[in-house]
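Have the sequence and the 3D view at hand as you read.

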Amino acid sequence: MDATYNLIVIGSGAAGRKAATEAQQYGWKTAVVESGPLGGTCPNRGCDPKRILSGITETYDDAHRLKDYGIQGALSLDWNRMKKFKDTFTVPVPAQVEHSFREIGMEVYKGTAVFIDGSTIEVGDCVLKADHFLIATGSLPAPLPFEGTEHLLTSDDFFEQEELPDTIVFVGGGPVSFELAHMCRRMGRNVSIFHDAAHILEEYDIEMTNKLVELSRNIGINVHTNAQVTNITRTDREGFIVEAEKDGLTHKFNTDLVIHGGGRVPNIQSLHLERAGIDPTDKGIPVDANFKSASDSSIYAAGDAADSGLPPLTPAASFGASRALSHMLEDKDHSAFDPVIPSVVFTYPKLAKTGLSQQEAEEQGVPYEILSKEITPFFSYQRTRSTGAFIKVLTSPGTDEILGAHLLSDHADHLINLFTVAIKKNMTKQELSQILWAYPSEESDIPSFFQ
């Protein structure tokens, strides 16, 4: 089968779905190619299932901390029932996405896209041509440099486990490891994290990540930094031995599961981009401010597949898709961008950031002043017997404009959005403090952050 389109979108996640739907509704003949479940990572095996499960464990943790303060009776978590609840959200997604595509007349091709040249791809037995392409294929777990990586499960695999064993090891100190480790520990599992550098979550503020490590250890998670995993072997009892080097010594750890949490890379290896004249970097397909791969190319990229300078987050993927689409449809030429994008690690307490971190300000030569405060004694956290809450804000000397905000608290995912608005609008700490927030609420604590 041969066919020609105005636009072919490769990938159906946040970026691909947005671009394909809007192009089709605009009147373009559009097709989507997807090699995995329609809908992409976030709703099927990423953000959404993670948040469903972590939300349950957060509720449990809140109740457990308030036991004997009004909450009575036995409390427990049941993984199998949690998974079944999660499945009610995730299982329908591919069919729902396919229906939404076909309902507006879009063609859907299931398979792996391979470029033949800059205007043609092959999907199975189909040869498809297009005036424009948008590559939005997302990411996949990064290759890890040691023996036995075939024994690693991915986060995709984790979400499909029917039962959780007693002992779980996470390799890598990224968001996946810490989010799932907090979840598993609150379910009573023996959990360890091995990270090969001194600091975890390297995109986050070091002071805040050090506090997260402390809080993680306080709830019983074994966090090993500067520990390089060198080998994973299967044992006779259907478990595994993880070998790691730390301080010049080799240590061995027995575990029932080993989960890959060592970062992700762009999922572009199978596309044969060289045939389309594209030379990707290790961060993805280089793009300009319009998310176009080159001035003489008809190929765009967005989301985790693009080397755009943006973080690998769903809002960033949608931002890239919007820019690419407006350039294709309206020939709108965009200027360079530096959007303020908040990011949250759904541990408990949650770690959140927006704007500049202290290390980024120093690297970029941006003058700054710091406010760093423990806010655990605040009423908002005392009333729930919170295990710890911290705030760190960077402001500009002289103007007091907010440059960056970093939170570690049970409510960080909500508060960080307010600081994102403040940075976007060039607000000062005084202007943010003068807003009359509803009381008592976590937002009403903001004026006290700066006192």
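A residue is called buried when its relative accessible area is under 20%, exposed when that area is over 50%, and partly exposed in between. With that in mind, Glu 22, at 33% relative accessibility, counts as partly exposed. Please remember that everything here describes a predicted model.

**Charged pairs**

The search of the whole structure finds 23 salt bridges. Glu 22 takes part in one of them with Lys 18, and their closest N and O atoms are 3.0 Å apart. Both residues belong to helix H1 (residues 14-26), where Glu 22 and Lys 18 are four residues apart, about one turn of the helix. Lys 18 is partly exposed as well, because its relative accessibility is 27%.

Glu 58 pairs with Lys 350, with 3.6 Å between the closest N and O atoms. Glu 58 sits in helix H3 (residues 47-65) and Lys 350 in strand E20, so this pair ties together parts that are 292 residues apart in sequence. At 8% relative accessibility Glu 58 counts as buried, and Lys 350 is buried too, at 5%. A further salt bridge brings together the side chains of Lys 86 and Asp 87, 2.8 Å from N to O; both of these residues are buried. There is also a network: salt bridges with shared partners join Asp 61, Asp 62, Arg 65, Arg 186 and Asp 410.

| Salt bridge | Closest N to O distance |
|---|---|
| Glu 22 and Lys 18 | 3.0 Å |
| Glu 58 and Lys 350 | 3.6 Å |

E22 and E23 make a hairpin with six residues between them, and Gly 398 in the turn has a positive phi of about 90 degrees. Is E23 largely enclosed or left open, and why? Eight of its eight residues are buried, so E23 is largely enclosed by the rest of the structure.

**Rings and their neighbours**

How many aromatic pairs does a search of the whole structure find? The count is eleven. Phe 115 and Phe 133 form an edge-to-face pair, 5.2 Å from centre to centre and with 65 degrees between the planes. Phe 115 belongs to strand E4 (residues 113-117) and Phe 133 to strand E6 (residues 126-135), so the pair ties together parts that are 18 residues apart in sequence. Both Phe 115 and Phe 133 are buried. Elsewhere, ring pairs gather Trp 79, Phe 158 and Phe 159 into a cluster.

Lys 29 lies over the face of Tyr 5, 5.0 Å from the ring centre. Lys 353 lies over the face of Tyr 204, at 4.9 Å from the ring centre.

**Cysteines**

The count of disulfides comes to one. This disulfide joins Cys 42 to Cys 47, with 2.4 Å from S to S. The link is left-handed, with -135 degrees about the S-S bond. Its two ends fall into separate classes: Cys 42 counts as buried at 18% relative accessibility, whereas Cys 47 counts as partly exposed at 30%. Cys 184 is in no disulfide, and the nearest cysteine sulfur, that of Cys 47, is 18 Å away. Cys 184 is buried, with a relative accessible area of 0%. Cys 126 also counts as buried, at 15% relative accessibility.

Key
Residues are numbered from 1 along each chain as its sequence is written. This is a predicted model: local features need pLDDT of at least 70, side-chain atom pairs count only at pLDDT 80 or more; totals for chains, interfaces and linings use all residues. Side-chain values use heavy atoms; hydrogens and water are left out. Rings of Phe, Tyr and Trp (its six-membered ring) pair if their centres lie within 6.5 Å; planes under 30 degrees apart count as stacked, over 60 as edge-to-face and the rest as tilted. Helices (H or I, at least four residues) and strands (E, at least two) are DSSP runs, numbered from the N terminus. Buried means under 20% relative accessible area, exposed over 50%, partly exposed in between (1.4 Å probe, protein chains only). A charge sits over a ring if NZ of Lys or CZ of Arg is within 6 Å of the ring centre and within 35 degrees of the ring normal. Two strands pair if DSSP finds at least two bridges between them. A disulfide is a pair of cysteine sulfur atoms within 2.5 Å. A salt bridge is a side-chain nitrogen of Lys or Arg within 4 Å of a carboxyl oxygen of Asp or Glu.
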